[in-house]
Amino acid sequence: MSRLFRDIAGGPLCADGSVVCIGAFDGLHLGHQALVRHAVARARMLGVDAAALSFEPLPREFFAAASPPPRLGPVRAKFEGLRGLGADVVGLLRFDARMAAMSPEAFVDAVLVQRLRAREVWVGPGFRFGHKRAGDLATLQALGREAGFIAGEIEPLVVDGERVSSTHIRTALVAGDFEHAARLLGRPYAVSGRVVRGQQLGRTLGYPTANLRFGGKVPALRGIYATRVHGIGDTPRPSVSSFGTRPTVGGVEPLLEAHLFDFDGDLYGRRIEVEFVARLRDEEKFDDLPSLVAQMDLDAAQARAVLAAAPSPRYETSTQDDA
């Protein structure tokens, strides 16, 4: 069972030392997976803990709090994914004004030396850290020589001639190119979590939905989609999903609402995963509920047709909890 920590202050977490990897890890794409797996392999070789270190909120979210950038996945999904890749210790450090002001030297001493007792530290290409991004790999290596650990960078991962990055995945998702996103992720793009109670308006309109929150983050997607729902029985369930704020009924919080075709059951509290297959249209505000229902009828028919023609996923998915 992986140990989670959020604070800089505190005693040592790894008595015998650790091999640390550091990254944003949003979406845990193939490049992230390569970095974490490398650190885990090195840790197993040395007989010490593997530690995956990230931040919540991400620095770019902290510095753009008024208009935060979109995320590929919620916080819980990041933790579950890092644990699934073999991390013994997961640090989701609270990125606040105090941390933003920390020098590279202070960060290395407080986190890598005092808390994790790092023996090796591995990062991805272009790594920067510390106040005003003053530190880079060379800084980390120099500080490591003084503190007794080595630091290194893994090569960027390239798929079909393109460097794997969260930015490229977000661009593919917005364009509705889910096959491209899946190649960079190593699996179909999906959002997972526990089904929560909504306003139950969909049931009164003939379209009951399983609702997932996105952990207070801004999702990379918004619109209506043909989807598959995993975690209910042995095979994925075809569905049509809305991901957005539900402007027709005055919604504010982003919510993923999945209507499962030909299904009648209570899913509240169940962990499910909604896999995105195709984009159908943008989210719209309708003048009245009858107009909304008429469009939902069209969306459902289109989603059924798309899913009937879509090939089965070639990548494995895993149910993760964002609640």
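K78 and E56 pair through their side chains in a salt bridge, 2.8 Å from N to O. The model is predicted.

E61 and R71 make another salt bridge. Here helix α2 supplies E61, and the loop between α2 and α3 supplies R71, 10 residues apart. E61 and R71 are buried too.

D282 and R279 also meet in a salt bridge. D282 has a relative accessible area of 48%, so it counts as partly exposed. R279 is partly exposed as well, at 27% relative accessibility.

| Salt bridge | N to O distance |
|---|---|
| K78 and E56 | 2.8 Å |
| E61 and R71 | 2.8 Å |
| D282 and R279 | 2.0 Å |

In total, the structure holds 23 salt bridges. Shared partners join D26, E56, R60, E61, R71, K78, R170 and K217 into one network.

The largest pocket has a volume of about 1,200 Å³. Its lining counts 39 residues, and G23, A24, G126, F127 and R133 are the closest to the centre. Four helices each give at least two residues to this lining: α1 (30-46), α2 (59-63), α4 (97-100) and α7 (166-174). By class, the lining has 20 nonpolar, 11 polar and eight charged residues.

How values were computed. Residues are numbered from 1 along each chain as its sequence is written. This is a predicted model: local features need pLDDT of at least 70, side-chain atom pairs count only at pLDDT 80 or more; totals for chains, interfaces and linings use all residues. Side-chain values use heavy atoms; hydrogens and water are left out. On a 1 Å grid over the protein atoms alone, a cavity is a set of points where a 1.4 Å probe fits but cannot get out, and a pocket is an open set with protein on both sides within 12 Å along at least five of seven lines; lining residues have an atom within 4 Å of a point. Grid points are joined across faces, edges and corners, and a volume is the space filled by probe spheres set on the points. Ala, Val, Leu, Ile, Met, Phe, Trp, Tyr, Cys and Pro count as nonpolar, Asp, Glu, Lys and Arg as charged, and the others, Gly among them, as polar. A salt bridge is a side-chain nitrogen of Lys or Arg within 4 Å of a carboxyl oxygen of Asp or Glu. Buried means under 20% relative accessible area, exposed over 50%, partly exposed in between (1.4 Å probe, protein chains only).
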